[in-house]
Structures are given as structure tokens and as C-alpha cells.
Amino acid sequence: MPDTETSIDVLNVKEPRSVARKFLARPQREGVGAVVRRSIGRFELKYFDPFLVLDEFSVAAPAGFPDHPHRGFETVTYMLQGAVTHEDFEGHKGTIATGDLQWMTAGRGIVHSEMPAAQGIQKGLQLWINLSSKNKMIEPRYQEIQSKDIAEAARDGVKVRVIAGEALGTESPVYTRTPTMYLDFTLRPGAHLQQPIPASWNAFVYILEGEGIFGGSRTSPTVSAHHLLLLGQSGDGLEVWNKSSKPLRFILVGGKPLGEPLVQFGPFVMNTQEEIDQTIEDFENYTNGFEKARDWRSEAALDLGF
């Protein structure tokens with residue numbers, strides 16, 4: 001057990017947020033043969049404004065996520081291991097590999113596929129972020145960043161990859177329509193972290209590897225991998241200790257709540273039932289943003305017989 005402790009407190013957290021709720025994300029089937037650990041978007045936690053879904057996914061060919069639609073929100077795919085090829089009906093195609101990021105704004109409508117691009121098991125995180133009513137019907141767009149270009153900082157036993165927002169004086173270039181922070185932290189044994197969180201934002205932690213102590217007391221119980229920690233509203237940041245003999249890796253995600261009505265029907269997320277009904281009609285009739293879906297099938301899905 002380490003007997004020394006280092007600290008990061010560039011922007012001192014005066015009142016750490018406590019852990020309000022804790023969930024273990026258990027494996028479940030999703031897509032075609034894929035396995036996900038869903039922590040947000042499950043029956044105990046349908047919505048954590050502005051976050052709709054958080055999946056830690058694991059997939060190996062021929063399983064995957066063949067052609068499917070989205071409207072009204074953004075998907076953020078962050079690869080932890082392996083690679084995934086994505087295609088959409090606009091002709092956009094590419095591969096995101098270990099450490100790469102894809103921030104996709106579905107907006108008024110997109111149909112795409114996400115399929116394994118390498119041998120063995122591919123692993124990653126996918127986060128769904130809701131869009132405000134004024135942004136739900138905007139044109140789709142992508143922000144893609146290779147691993148080598150993701151902003152990073154390291155100090156005193158703490159390393160961070162800044163997917164969105166700012167940490168340790170380093171800022172991400174990603175533009176977030178719904179104000180969002182997304183930070184990938186690794187703490188060496190003995191390290192201590194204080195990370196500010198904007199007031200009024202909802203925030204959570206998802207643990208990827210190791211175990212740590214989260215909240216305002218270093219004597220709190222340790223929490224291990226695959227747990228989601230919802231942080232309380234009161235406080236100005238997150239405080240974490242790694243008192244184990246192994247590295248601790250987790251993501252810290254926060255976002256400004258939209259405070260708007262929400263109606264979800266699978267991959268469609270709008271503000272009213274009438275808008276959902278219209279979305280289903282648009283998709284079934286190939287109109288109002290889904291015109292190109294009529295004759296499109298992804299190459300990956302066709303190759304695998306989907």
C-alpha cells in the first residue's frame with residue numbers, strides 16, 4: 001500500500017460533491033450480438049439531464065450495430081480497445097481506433113452503422129447527450145479526433161485526456177452544443193485529485209479500471225470498475241483518492257441540464273409525443289431528413305449479411 005500522496009488542486013475544490021447514488025453496470029445484449037454495460041438509460045436511471053445513455057460496449061465480428069437511425073441528440077463514441085468502422089447515408093465513412101473520439105450530432109436525422117473493424121474484441125464507451133429543442137432539427141455533423149490529437153495533461157501522478165471541457169489548464173477543441181465536460185482520468189497509486197465542476201451542472205463518474213475513493217471523505221468505501229457514481233448537486237467539484245497499489249482510471253462527465261420535456265422512442269428523442277409521431281412518420285416515409293435512407297445500406301452490414 002503506498003504511503004505517500006500527491007495532489008492536484010490547481011483550481012482548489014472547496015466543497016467536494018458527494019456520491020448521491022451508485023450503480024453497477026451489468027452486461028446485457030444490444031444491437032446484433034454485442035454486449036453493453038448500460039449505466040444511464042436503464043430502468044433505474046432513465047435520464048440524467050442532459051444524458052440519455054451511457055454504454056460500455058464490447059463487440060466482436062460478426063456482431064455489431066448495423067444500420068439504425070437517430071434524431072434529436074448527439075452520440076459520443078470513445079474507443080478503449082480495438083476499432084470500429086462507421087458509415088452513414090450521407091456517404092460519411094471512417095474508422096475510429098483505440099483512443100479515438102467521434103462526436104456525432106444526429107440532429108434532424110441520420111442512419112448509420114457501427115461495426116467491428118479489427119479481429120478480437122473491440123471495446124469503447126458511447127454516451128448519448130440530449131439536444132435542446134432549438135437544436136434538435138439541425139443538420140447532422142461530425143467532430144472526429146484521433147487519439148494523438150486529443151488534449152492531454154499530466155501532473156503529480158494524475159493524467160487526463162480532455163475529451164470535452166477543461167482540466168489541469170488544458171482545453172478540448174470539441175464544440176458542445178449542450179455544454180458538456182468529458183474527462184478521462186488516470187491516477188497512479190497514492191494520487192489525489194480535485195477537479196472543479198460548474199455550478200448547477202449534473203455530473204457523474206464511471207470507473208473503467210482499478211478502485212478509488214470518491215467524495216468529500218478519504219475514509220469513504222472504495223468503488224471499483226463498472227460502477228456509475230451520480231454526484232450530488234451541492235459542491236464545486238470532485239475529489240478522488242487512489243489508495244490502492246494499482247492505477248485508477250475513470251471518466252468524469254458533466255453537463256448543463258436542459259430542463260425541457262423529454263419523450264423518447266428508442267433512437268428518437270424529442271420534446272413531445274407529437275414530435276415523436278412525426279419522426280416515426282418521417283423515417284417510415286423517407287422524408288424530412290431521412291430521404292437518403294430509402295436506398296442506402298452500409299457496406300459493413302451487407303458484407304456481414306445483415
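In E11, which residue is the bridge partner of Phe65? The bridge partner of Phe65 there is Glu114, and this briefing shows where that pairing sits. The model is predicted, so local features need pLDDT of at least 70 and side-chain atom pairs count only at pLDDT 80 or more, while totals for chains, interfaces and linings use all residues. Residues are numbered from 1 along each chain as its sequence is written, and side-chain values use heavy atoms, leaving out hydrogens and water.

- Strands (E, at least two residues) and helices (H or I, at least four residues) are DSSP runs, numbered from the N terminus.
- Strand E6 covers residues 65-70, and five of its six residues are buried, so the rest of the structure largely encloses it. Here, buried means under 20% relative accessible area, exposed means over 50%, and partly exposed is in between (1.4 Å probe, protein chains only).
- E6 is joined by four bridges to strand E11 (residues 110-116), and the two run antiparallel.

**The open sheet**

- Strands of a sheet pair through backbone hydrogen bonds, either parallel or antiparallel.
- Seven strands make an open sheet with antiparallel pairing, in the order E3-E4-E5-E12-E7-E10-E13. Two strands count as paired if DSSP finds at least two bridges between them.
- At the edges are strand E3 (27-30) and strand E13 (141-145), each of which pairs on one side only.
- Five bridges connect E10 and E13 in the antiparallel sense; Leu101, for example, has Ile145 in E13 as its bridge partner.

**A closer look at Gln102**

- Gln102 belongs to strand E10 (residues 101-105), and its relative accessibility of 1% makes it count as buried.
- Its side chain makes a polar contact with the side chain of Glu144 at 3.0 Å. A polar contact is a pair of N or O atoms within 3.5 Å; within protein, one must be able to donate a hydrogen and the other to accept it, and residues adjacent in sequence count only if both atoms are side-chain atoms.
- Leaving aside neighbours within four places in sequence, residues in contact with Gln102 (heavy atoms within 4.5 Å) include Thr75, His86, Ile96 and Tyr142.

**Leu302 in helix H2**

- Leu302 sits in helix H2 (residues 299-303), and Leu302 is exposed, with a relative accessible area of 53%.
- Leu302 and Asp67 are 235 residues apart in sequence and 9.8 Å apart in space, C-alpha to C-alpha.
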